Amino acid sequence: MHHRSRVFTALVVVGLACAAQAADRAEITFADGRIFPESVTSTKNGTLYFGSLGQDSVYRAAPNASKAETWIMPKTSGLQTVLGVLADEPAGVLWVCASAGGGRGGAPVVGETAMKAFNLKDASLKASYPFPGNGVCNDMAVAKDGTVYVTDTTGARVLRLKKGASALDVWAADPMLLGTADGVALLADGAVYVNSVGQGTLLRIPVKADGSAGPIVKLETSQPLTSPDGMRSVGSKTMLLVEGAGRLDEVTINGDKAEIKVLKDGLTGPTAVTLAGGMAYVTEARLNLRNDATKDPGPFRAIGVPYKAPK
């Protein structure tokens with residue numbers, strides 16, 4: 001009996017270990033090739049959503065799945081140049097960035113730049129919010145009051161969708177400081193934090209009492225940032241941020257200073273991060289191979305890095 005109970009205990013322990021492993025997957029792969037997953041987001045139950053720049057679609061990995069499948073079909077509801085995705089559970093929405101194509105060297109602009117709201121339950125389109133004057137819809141963050149802030153990379157601005165509003169408005173614009181605006185996140189201080197992928201800078205934009213943008217502050221980083229991209233808040237003063245140079249960082253804000261701690265180096269062209277359970281999932285987008293059809297970018301993946309968020 002003693003021996004059998006020991007075996008049973010061992011089986012229970014193995015079972016628990018498997019369950020924990022399933023929730024905190026070490027790696028997530030994709031059902032297809034040429035995904036170029038530019039952005040990632042997650043819901044509280046551990047579901048992950050990926051914006052596919054290569055397929056103009058959105059992929060989803062269920063809480064225990066280690067493979068992501070197509071969830072919003074390619075080109076649905078005008079999806080193209082899909083960058084940021086953000087799960088907004090209180091609103092029941094997956095926000096998705098779509099951007100107009102062409103327009104370079106006299107080529108006609110195709111489609112429109114818009115932030116689209118898809119239903120988190122069934123992937124149906126709820127609404128589409130066009131960018132005034134187009135631009136590039138890059139990424140989003142949602143405030144406690146439901147206001148959505150979205151970066152425009154080529155327009156050097158941050159747009160805002162107030163809760164219940166029917167259209168985006170230009171919230172902050174600065175051709176220098178917000179040039180190549182990319183990742184965006186909000187912290188407990190209520191300010192909007194934005195990075196510039198081209199300038200390697202990290203900025204804070206205070207939200208005034210009337211909701212308007214205060215003066216933009218360029219933060220002093222403890223070490224240089226190289227091509228900062230996706231950024232998500234994980235604590236009252238803490239964000240996770242990926243650098244295109246191959247790093248996943250923990251960024252802690254103290255006043256006008258940002259303390260950078262490298263959690264993982266040697267990643268291949270990372271562009272985004274999300275925290276789900278005890279894992280920070282980083283997408284390897286390998287965008288440098290996107291415009292070269294002769295080179296096989298190989299299978300894409302999101303890598304799980306064990307991470308415990310601070311309070």
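I looked up Y307 and found that its side chain makes a polar contact with the side chain of E250 at 2.6 Å (a pair of N or O atoms within 3.5 Å, where one must be able to donate a hydrogen and the other to accept it, and residues adjacent in sequence count only if both atoms are side-chain atoms). The model is predicted, so local features need pLDDT of at least 70 and side-chain atom pairs pLDDT 80 or more, while totals for chains, interfaces and linings use all residues. Residues are numbered from 1 along each chain as its sequence is written, and side-chain values use heavy atoms, with hydrogens and water left out.

I placed Y307 in the segment after strand 27 (301-306), strands being DSSP runs of E with at least two residues, numbered from the N terminus. Y307 is buried, with a relative accessible area of 8% (buried means under 20%, with a 1.4 Å probe and protein chains only). Its contacts beyond four places in sequence (heavy atoms within 4.5 Å) include V234, L263 and M279, and the C-alpha atoms of Y307 and M279 are separated by 5.3 Å although the two are 28 residues apart along the chain.

I then turned to the sheet, where four strands form an open arrangement in the order 16-17-18-19 with antiparallel pairing (two strands pair if DSSP finds at least two bridges between them). Strand 16 (181-186) and strand 19 (217-218) stand at the edges with a single partner strand each, so one side of each has no neighbour in the sheet. Strand 17 (192-196) and strand 18 (201-205) pair over five bridges, and V194 has L203 in strand 18 as its bridge partner.

Terms used. Buried < 20%, exposed > 50% of the residue type's maximum accessible area, 1.4 Å probe, protein only.
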